[in-house]
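Please look over the model shown here. Keep it open while reading the report.

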Amino acid sequence: MFKLRNPFQCKSRVRTSPPSRTKALRALSCTWLFLELLASVTPAWAGGVTFTDSFSPPSALWSNSSGNWTATSGDYFAQVPNNNPGADTLLPFDLASYTLTTTVNGLGDGGIVVRVNGAGTESITLVLGGLGYGQGARGGGAGTAIYWGDNSAPIQNEVPGVFTPGNTYTITVTAVGDTFSAYINGSSTPVTTLTDSIAGSDGTVGLYDDQPNTITGSGFGTPTTFSNFSLQGTTVSSVPEPCSLALLATSLFGLLGFARRK
């Protein structure tokens, strides 16, 4: 005869995970949550950049901000040279320190934008020739000097009589933080140096052209052009936002509490 078992004597058939397996799954889940949180926080870091341009044709990285820049036979220049606003073309790299070298042909009035801050509100330029040469000034020091200019002071640390207008020169600029040095034709001694924090300790670089300026002046003569551009530097990335760091820390403490309660 079929005999019914006492229901209170029946053993449960519900499967349970071994304690070691449960702990392993819990640890794996916490690890994935931690990695996802960590990926949401941007770390602070610095990297290197090497950029060269023979301007045949110009790299697409140049911004061509003002002046309608173009190139002919490896010579890069603004088709509308100007100083108000400046005919500028910039590169996208956020640089803390760098070495930049370029050949300047028909030097008369132009230069190198050595730093523009992230907001684009402050800039520092190394002017080559200058002193009104692009607007049509001749004689005196026009077209012969080298100096620095920023938003508040257009002429700083001027060295006159350095150039012969219309000639070709190789210019090198080094930047370490907010200190800039300029060298001519491979010299190991800077011709002029500037320490200026107006544009911060990092930013973008580029070129400036004001020869000949027929927009705001009566400029004439051989255009100033640039060739054989090279740049080596250290780039800067963003720093973690305080709220992101706080979120990460809070989440980690929460995960630790969750693991202990389990």
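## Overall figures

This is a predicted model. The protein has 262 residues, and 39% of them are buried. Its secondary structure comprises two helices and 14 strands.

## Nonpolar core

In soluble globular proteins, nonpolar side chains tend to be buried together. Here the largest nonpolar core has 37 residues. Those with the most contacts inside it are Tyr-98, Val-114, Leu-126, Ile-171, Leu-207, Phe-229 and Leu-231.

Take Leu-126. Residues up to four places away in sequence set aside, Leu-126 touches Gly-110, Gly-111, Ile-112 and Val-114, among others. Further along the chain, its partners include Ile-146, Tyr-147, Trp-148, Ile-171 and Val-173. Ala-182 and Thr-192 are also among them.

## Tyr-169 on strand β10

Tyr-169 lies in strand β10, which spans residues 169–176. Is Tyr-169 buried or exposed? Tyr-169 is buried because its relative accessible area is 10%, under the 20% cut-off.

Tyr-169 and Thr-103 are 66 residues apart along the chain, yet their C-alpha atoms are separated by 5.8 Å. Leaving out residues up to four places away in sequence, Tyr-169 touches Thr-102, Thr-103, Val-104, Leu-107, Val-162, Phe-163, Thr-164, Ile-184 and Asn-185. With Thr-164 there is a polar contact: a polar atom of the Tyr-169 side chain lies 2.8 Å from the backbone nitrogen of Thr-164.

## Thr-102 on strand β5

Thr-102 sits in strand β5, residues 95–105. Its relative accessibility is 0%, so Thr-102 counts as buried.

## Aromatic pairs

The count of aromatic pairs comes to eleven. One of them joins Trp-69 and Phe-226. This pair is tilted, with 6.2 Å centre to centre and 35° between the planes. The pair links distant parts of the chain: Trp-69 is in strand β2 (residues 69–72), Phe-226 is in strand β14 (residues 225–236), and they are 157 residues apart. Trp-69 counts as buried because its relative accessibility is 6%. Phe-226 is buried too, with a relative accessible area of 0%.

Trp-148 and Phe-180 form another tilted pair, at 6.3 Å centre to centre with 40° between the planes. Trp-148 belongs to strand β8 (residues 145–150) and Phe-180 to strand β11 (residues 179–184), 32 residues apart. Both Trp-148 and Phe-180 are buried.

## Ring cluster and a charge over rings

Ring pairs also build a cluster. It links Phe-51, Phe-55, Trp-62, Trp-69, Tyr-76, Phe-93, Phe-226 and Phe-229. Trp-69 and Phe-226, the tilted pair above, are thus both members. Phe-229 is in the cluster and is also listed for the largest nonpolar core.

Over which rings does Arg-138 lie? The charged end of Arg-138 sits over the ring of Tyr-133, 3.6 Å from its centre. Arg-138 also lies over the face of Phe-220, at 4.1 Å from the ring centre.

Terms used. Residues are numbered from 1 along each chain as its sequence is written. This is a predicted model: local features need pLDDT of at least 70, side-chain atom pairs count only at pLDDT 80 or more; totals for chains, interfaces and linings use all residues. Side-chain values use heavy atoms; hydrogens and water are left out. A nonpolar core is a set of buried Ala, Val, Leu, Ile, Met, Phe, Trp, Tyr and Cys residues joined through side-chain atoms within 4.5 Å. Buried means under 20% relative accessible area, exposed over 50%, partly exposed in between (1.4 Å probe, protein chains only). Contact means heavy atoms within 4.5 Å. Helices (H or I, at least four residues) and strands (E, at least two) are DSSP runs, numbered from the N terminus. A polar contact is a pair of N or O atoms within 3.5 Å; within protein, one must be able to donate a hydrogen and the other to accept it, and residues adjacent in sequence count only if both atoms are side-chain atoms. Rings of Phe, Tyr and Trp (its six-membered ring) pair if their centres lie within 6.5 Å; planes under 30 degrees apart count as stacked, over 60 as edge-to-face and the rest as tilted. A charge sits over a ring if NZ of Lys or CZ of Arg is within 6 Å of the ring centre and within 35 degrees of the ring normal.
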